[in-house]
Amino acid sequence: MELVGVDPTYVPAARKRKSVVAIYARFQGESIHRAIYLEQLAVSDLAGKLAQRLEMPTGPVVEVVRRTKKGVTVRVDDSVVAQLEDEQDMEVEWAFSDESGALTLCLHY
């Protein structure tokens, strides 16, 4: 079978944005996880994407922490984000500072 009118040299354009890791986040008060696709293994990308899903401005996110199953609170930095497994599921809590209005995100996984 021969195809007519097909350019054999055509190469489809690559997607402009590619995710490097997908996480599944369940926000406080919700029963279903949401897919979050990180384009960079950086805490700034993680915080920005989570704030975007919460429909909050990204500017006031000042801190991202992780609370382990043992109850230890760890500040999240780029090295912690780099260790996230693809399709990692987590619960996300948030709190606003009364004084500055800054947002703190707390991840449980």
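Tutor: Start with Tyr109, which has 17% relative accessibility and counts as buried. Keep in mind that this is a predicted model.

Student: Why is Tyr109 called buried?

Tutor: Buried means under 20% relative accessible area. Tyr109 has 17%, so the word applies.

Student: Where does Tyr109 lie, and what is it in contact with?

Tutor: Tyr109 lies in the segment after strand 6. Leaving aside neighbours within four places in sequence, its contacts include Arg66, Thr68, Val80, Leu84 and Met90. Take Thr68: it is 41 residues from Tyr109 in sequence, and the C-alpha atoms are 6.4 Å apart.

Student: What makes Glu91 and Arg26 a salt bridge?

Tutor: The cut-off is 4 Å between a side-chain nitrogen of Lys or Arg and a carboxyl oxygen of Asp or Glu. The closest N and O atoms of Glu91 and Arg26 are 2.5 Å apart, so the pair qualifies. This pair links distant parts of the chain: Glu91 is in strand 5, Arg26 is in strand 1, and 65 residues separate them.

Student: Why do Glu91 and Arg26 count as partly exposed?

Tutor: Partly exposed runs between the 20% limit for buried and the 50% limit for exposed. Glu91 is at 36%, so it falls in that range. Arg26 is at 24%, so it does too.

Student: How many salt bridges does a search of the whole structure find?

Tutor: Five. One of them joins Arg34 and Glu30, with the closest N and O atoms 2.6 Å apart. Arg34, at 26% relative accessibility, is partly exposed. Glu30, at 28%, is partly exposed as well.

Student: How do you know that Lys49 and Glu39 meet in a salt bridge?

Tutor: Their N to O distance is 3.5 Å, and the limit is 4 Å, so the pair passes. Lys49 sits in helix 1, while Glu39 is in the loop between strand 2 and helix 1. They are ten residues apart.

Student: Are Lys49 and Glu39 buried or partly exposed, and why?

Tutor: Lys49 has a relative accessible area of 16%, under 20%, so it is buried. Glu39 has 30%, so it is partly exposed.

Student: Which residues are linked with Lys49 in a network of salt bridges?

Tutor: Glu39 and Asp45. Asp45 is in helix 1. Its relative accessible area is 13%, so Asp45 is buried.

Student: What makes the approach of Asp45 to the backbone nitrogen of Glu39 a polar contact?

Tutor: The limit for the N or O pair is 3.5 Å. A polar atom of the Asp45 side chain lies 2.8 Å from that backbone nitrogen, within the limit. Beyond its neighbours within four places in sequence, Asp45 is in contact with Leu38, Glu39 and Gln40.

Student: Which members of the largest nonpolar core touch the most other members?

Tutor: Leu50, Met90, Val92, Leu105 and Leu107, out of 21 residues. Strand 1, strand 2, helix 1, strand 5 and strand 6 each supply at least two residues of this core. Strand 1 gives the most, with four.

Student: What does Val92 touch, not counting residues up to four places away in sequence?

Tutor: Its contacts are Ala25, Arg26, Phe27, Gln28, Leu50, Leu105, Cys106 and Leu107. In soluble globular proteins, nonpolar side chains tend to be buried together.

Conventions: Residues are numbered from 1 along each chain as its sequence is written. This is a predicted model: local features need pLDDT of at least 70, side-chain atom pairs count only at pLDDT 80 or more; totals for chains, interfaces and linings use all residues. Side-chain values use heavy atoms; hydrogens and water are left out. Buried means under 20% relative accessible area, exposed over 50%, partly exposed in between (1.4 Å probe, protein chains only). A polar contact is a pair of N or O atoms within 3.5 Å; within protein, one must be able to donate a hydrogen and the other to accept it, and residues adjacent in sequence count only if both atoms are side-chain atoms. Contact means heavy atoms within 4.5 Å. A nonpolar core is a set of buried Ala, Val, Leu, Ile, Met, Phe, Trp, Tyr and Cys residues joined through side-chain atoms within 4.5 Å.
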